[in-house]
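This report describes one protein model for a reader who has not seen it before. The sequence and structure come first, and the description follows.

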Amino acid sequence: MHVLMVKIFLCLLFLTIEILGFSKSLFAQPVVPAVQSKQVPDEIYIDPMCQLYTLKGSMLQKFYVSGKPCCHYDSRRYGVPSLVSVDQSMKTMLFFQDYQTMVICNDVLGEIRTLFLSESSIPYVSLANWSRDQHIWLLDPSSMRILKLNEAGQILFQTEPIHLMLSQKWSPTYMREWENRIFITDPEKGILILDLYGYTPQVIPERGVTGMDIYDKQIVYQKGDELRAYDFQIKQVKKVENIQVGGAKRTKVCNGTVFILTEQGVEKKTLNKQ
């Protein structure tokens with residue numbers, strides 16, 4: 001009887017340790033602690049399932065929502081990617097601007113396809129991102145046209161030069177699609193919003209913006225030491241009061257959770273609806 005009680009006690013003890021370990025991995029902050037400075041990511045990305053990706057040099061690493069590591073991909077063949085798109089839950093795209101090359105990976109970062117844009121007679125592009133219909137948006141900086149490409153390297157559609165609709169030249173650094181609109185940022189001009197055909201331009205004159213996310217029908221972005229939100233309904237910019245991002249290298253928002261990249265690692269905070 002005594003031996004049986006000891007075994008039951010040990011089983012309960014191990015179960016408690018496992019539960020506490022899982023709880024700690026799920027709620028611990030920072031999400032990706034940096035024990036040494038060299039472990040701090042250079043950039044972070046968040047997919048539609050709110051899974052975190054970190055980029056350090058040529059190494060892209062994916063984490064589950066719990067914060068536990070999932071998988072990684074090393075792009076040392078082409079060096080450091082110019083940008084990474086995780087706007088599709090099941091695919092990740094790495095774009096290497098100098099090589100005009102895209103590497104497409106599956107949901108565990110296994111390489112499944114490589115696109116060499118120069119071999120497909122595609123003009124030199126500076127930006128790329130997934131479209132909602134599982135194709136790829138590209139930006140040709142010389143003609144200022146937006147192109148839609150399929151994974152076979154075929155151009156499906158291209159807009160008219162978008163600078164013809166604007167009163168000044170834009171130098172975009174970021175582009176993404178959301179709810180049948182294309183968002184483009186230029187740190188010197190602001191945020192440009194177009195329909196999927198490149199028309200009906202709308203400009204939000206917020207300088208210093210290098211990236212953005214969408215939450216609760218608002219554009220959320222970091223500007224300096226502040227997190228700001230542009231409300232589509234009232235067409236007004238507001239400061240997000242409950243989140244402090246002073247000193248942050250990058251902030252990303254997903255379903256009300258803010259991921260903040262600092263010199264110490266990646267922290268996670270809850271965003272209140274405005």
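## Strands β20 and β21 and their sheet

Strand β20 (residues 226-231) is joined to β21 by four bridges, and the two run antiparallel. Strands here are DSSP runs of E with at least two residues, helices are runs of H or I with at least four residues, and both are numbered from the N terminus. Two strands count as paired if DSSP finds at least two bridges between them. Opposite R228 stands K239 in β21.

These strands belong to an open sheet of four, in the order β18-β19-β20-β21, with antiparallel pairing. The edges are β18 (213-215) and β21 (236-239); each has a single partner strand, so one side of each is left without a neighbour in the sheet. On average, neighbouring strands of this sheet are turned by 35° against each other, direction ignored. The axes behind this angle are lines fitted to C-alpha atoms, for helices over the stretch in contact, and angles run from 0 to 180 degrees between N-to-C directions. In general, strands of a sheet pair through backbone hydrogen bonds, either parallel or antiparallel.

## Model and confidence

This is a predicted model, in which local features need pLDDT of at least 70, side-chain atom pairs count only at pLDDT 80 or more, and totals for chains, interfaces and linings use all residues. Residues are numbered from 1 along each chain as its sequence is written, and side-chain values use heavy atoms, with hydrogens and water left out.

The average pLDDT (the predictor's confidence in each residue, from 0 to 100) of the protein chain is 86, and 85% of the residues score at least 70. Confidence is highest in strand β7 (residues 91-96), at 98, and lowest in helix α1 (residues 2-27), at a mean of 42. The pLDDT is below 50 over residues 6-28, a stretch that has seven contacts in the model beyond near neighbours in sequence. A contact means heavy atoms within 4.5 Å.

## The chain as a whole

The protein chain has one helix and 24 strands. Of its 274 residues, 47% are buried; buried means under 20% relative accessible area, exposed means over 50%, and partly exposed lies in between (1.4 Å probe, protein chains only). Among contacts with a separation of 6 or more, 39% are between residues 24 or more positions apart.

The chain exposes about 14,200 Å², of which carbon and sulfur atoms supply 54%. Accessible areas come from the Shrake-Rupley method with a 1.4 Å probe, and for residues only the protein chains shown count as cover.

Strand β2 (residues 43-46) is joined to β3 by four antiparallel bridges, and the bridge partner of I44 is T54 in β3. Five residues lie between the strands of this hairpin, where C50 takes a positive phi near 65°. Four of the five residues of β3 (residues 52-56) are buried, so this strand is largely enclosed by the rest of the structure.

Four bridges also join β3 to β4, again antiparallel, with L55 opposite L60 in β4. This hairpin has two residues between its strands, and G57 in the turn has a positive phi of about 65°. The hairpin of β4 and β5 has five residues between the strands, and G67 in the turn has a positive phi of about 100°.

S131 is in the loop between β10 (127-130) and β11 (136-140). Its relative accessibility is 3%, so S131 counts as buried. The side chains of S131 and D133 are joined by a polar contact of 2.4 Å. A polar contact is a pair of N or O atoms within 3.5 Å; within protein, one must be able to donate a hydrogen and the other to accept it, and residues adjacent in sequence count only if both atoms are side-chain atoms. Leaving out residues up to four places away in sequence, S131 touches Q88, I136, W137, K148 and E177.

W137 lies in strand β11 and, at 1% relative accessibility, counts as buried. Its side chain makes a polar contact of 2.7 Å with the side chain of E177. L115, in strand β9 (residues 111-116), is buried at 8% relative accessibility.
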